[in-house]
Amino acid sequence: MIALEDEFGDILRKAMRGHRIDTRALAAASGIAVSSIEGWLRYHGSARDDEARTLATLLHLDPGKLADSAAKRWAPPQIAHPDVRHHPQDPHPSNGYVFFLDGGQRAALVDPAGLPRNLLRVLRDGAYHLQYILVTHKHADHCDATADVAAAFPNAKIVMHRDDVHAIGSLASKATLVKDGEDLPFGDDGVRIRMLHTPGHTDGSACYLVRSALFTGDTLFAGSVGGAVADHATYADLLHGIQSKLFTLPDDTVVMPGHGPPTTLALEKAHNPFFP
Ligand SMILES: [Fe+2]
């Protein structure tokens, strides 16, 4: 089975933080020992089915889906998108992607991060025009190679949300700042790249929809969500953004997350514990 980005302990931690419930309070409310919960948060063992269901109810998670996570019963099948090439972002554990258009003549990079020489080797593999550098959010493991990629591909437009653009330093003044729901022309055949603003992991977290591929950065993972660590936006904002802006897209949309394996919106609605 494909390994998920987040285990039961990660989901528990994110939901506890999101609802500001600490281990003692959760133990008292659930009747589960503090030591058991502390262990699960450190990936020692896992909850029984009935324990996972009790915790889910207290943390507003889906009981059946959380029980599946505790028992490691679900992971997405191997999913590929014919227009998308994935590359690791060594030394970061994050995912980078290139979306190809016009039979590989034109491309958009999602998240310029990792060792520049590795990334530039990936980007120079093929004769295509790099039209866009799409940045999902401000964290270093998603944008620390922006300057190197921009220098190597000076005609590529850097696209980012205004609230996170400070992370790319002096390049911020050259970035194309898009608003929620706004789209950009990609190629000459009417294809559009739509940006969906989903604050929560960061204030400027952006998802990009290109045809049937949705690049979700650290907003939505297979079987989990990114941590709500924004300066202003909340855990509730994060979940609401996913439900109102992503889950309203077609079910067969392929989700390409910033960490972990690809999935689809139908699979996330059916299996992601954060969405009862
Ligand atoms: Fe992140």
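The model described here is predicted.

K14 belongs to helix α1, which spans residues 8–18. With a relative accessibility of 13%, K14 counts as buried, because the limit for that class is under 20%. The side chain of K14 comes to 2.7 Å from the backbone oxygen of V225. Apart from neighbours within four places in sequence, the contacts of K14 are D6, F221, S224, V225, G226, G227, Y235 and F274.

Helix α2 (residues 23–30) packs against helix α3 (residues 34–41) at an angle of about 125 degrees, and their axes are 9 Å apart. The two helices are therefore oblique to each other. In handedness, the crossing of α2 and α3 is right-handed. On the α2 side, T23, R24, L26, A27 and S30 take part, and they meet V34, I37, E38 and L41 of α3.

Between D90 and P91 the peptide bond is cis, with omega near 5 degrees; P91 itself is placed in the loop that links β1 (84–88) and β2 (95–101). In the loop between β2 and β3 (106–110) lies D102, a residue other than glycine whose phi is positive, near 55 degrees. D102 counts as partly exposed because its relative accessibility is 31%. R211, also not a glycine, has a positive phi of about 50 degrees, and its place is the loop between β9 (206–210) and β10 (213–217).

Technical notes. Residues numbered from 1 in each chain as written. Predicted model: local features only at pLDDT ≥ 70, side-chain atom pairs only at ≥ 80, totals over all residues. Heavy atoms only, no water. Helix = DSSP H or I, 4+ residues; strand = E, 2+ residues; numbered from the N terminus. Buried < 20%, exposed > 50% of the residue type's maximum accessible area, 1.4 Å probe, protein only. Polar contact = N/O pair within 3.5 Å; in protein donor to acceptor, adjacent residues only side chain to side chain. Contact = heavy atoms within 4.5 Å. Axes fitted to C-alpha atoms, helices over the stretch in contact; angles between N-to-C directions. Parallel < 35°, antiparallel > 145°, perpendicular 65-115°, else oblique. Left-handed = near helix turned anticlockwise from the far one by under 90°.
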